[in-house]
Amino acid sequence: MNGASAPIAAVRTRSGEARFARAWERLLACAHEGADPAELPLDGLGPDQQRLLAAYRELLAPSPDGIRVVAHLGQSLDGRIATEPGHSSHVTGEADFVHMHRLRALSDAVLVGAGTVAHDDPRLTVRLVPGPSPLRVILDPDRRLGPDYRVFRERPPPTLLLCRADRQDAARLGEAEILGLPVEDGTVQPRRVLDALRARGVRRLFVEGGGVTVSRFLAAGCLDLLHLCVAPVIIGSGRDALCLPAIARMDQAIRLAPEVLPLGGDWLFLCRLRRAPLAPRQTQEVAMAHAATAAAGRDQLQPLLAP
Ligand SMILES: NC(=O)c1ccc[n+]([C@@H]2O[C@H](COP(=O)([O-])OP(=O)(O)OC[C@H]3O[C@@H](n4cnc5c(N)ncnc54)[C@H](OP(=O)(O)O)[C@@H]3O)[C@@H](O)[C@H]2O)c1
């Protein structure tokens, strides 16, 4: 407290929170109303808050191929995201949950794998911070999920279920639209997912889990940013955070130079990756989708995302 009395410290904390809230409102305006992120008000904020806001601003930077992809996992010190039966609340702390809701609010779409829906029955909405809920995208290539999960029963926001084209037997599952995608090497490749979402006007995609899905996107070179939040807990067994094809030598490993921030009692590793760009053949289509997005504003974006 640097010698400050408790009331003075409380006032400082409140004014710091108010400043962060103002910066957050500005970020939302940048994400959804086209405001300029260069003008993010950072003055008066602590260094860690400034670095966190800069990380959010990075997600908003335009991408040459029209889409930016961020993934997040909350993991233990020993690299697990859940126990063996799939219990994952709470590996990381409250501050990381708020962080995830911010990533949702800044994104046009949030994507999870079928395993996460099966184990967690998540809502994937924005509840812990001000901001709009994104399009929900469920990746279930083999159509293993039934209609009873919340993402298929409740709306808004809309849900898009992605599966193999040869498993698409209907146009909808409950409230969700089903979209079949081409099969390559026996499954739906992450690049096809990005192509399909970009064609629907998604400029920022948040891949929220689980480990299998984030690992597949990482292995396919389909992530721009990876946020790994590491909690000081050892689970000792359970589901892996990242699991990639085996390598023989350490010089084949992905060595990163992350920024590391304290987040509550956890540590957030902000990793920048080099994503393989999508084919430019749809550049015109992307420009049109973005122009429509900018002109329509967030409220009218939803029909564009999920007709
Ligand atoms: N800590 C975190 O940050 C975090 C975030 C999200 C989820 N989680 C936890 O991670 C676990 C899920 O992640 P994950 O890596 O196993 O999978 P995931 O990435 O969410 O989903 C992909 C996989 O789910 C499989 N799957 C497993 N069980 C399924 C079922 N009952 N129904 C349908 N598909 C199923 C699919 O198998 P096929 O490909 O063979 O069809 C696919 O390989 C859950 O325990 C969840 O609580 C943790």
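Which residues of α3 are buried? In α3, the buried residues are Asp96, His99, Met100, Arg102, Leu103, Arg104, Ala105 and Leu106, where buried denotes 20 or more other C-beta atoms within 10 Å of the residue's own, exposed 12 or fewer, and partly exposed in between, with C-beta atoms placed from the backbone. The model is predicted, so that local features need pLDDT of at least 70 and side-chain atom pairs count only at pLDDT 80 or more, whereas totals for chains, interfaces and linings use all residues. Residues are numbered from 1 along each chain as its sequence is written.

**View 1. Buried face of helix α6 (residues 190–199).** Helices (H or I, at least four residues) and strands (E, at least two) are DSSP runs, numbered from the N terminus. Pro190, Val193, Leu194, Leu197 and Arg198 are the buried residues of α6. Seen down the axis of α6, these residues fall within an arc of 125°, taken from the directions from the helix axis to the C-beta atoms, so they line one face of the helix. Gly201, which follows α6, has a positive phi near 90°.

**View 2. Positive phi at Leu124.** Leu124, in the loop between α4 and β4 (135–139), has a positive phi near 60° and counts as buried, with 25 C-beta neighbours inside 10 Å.
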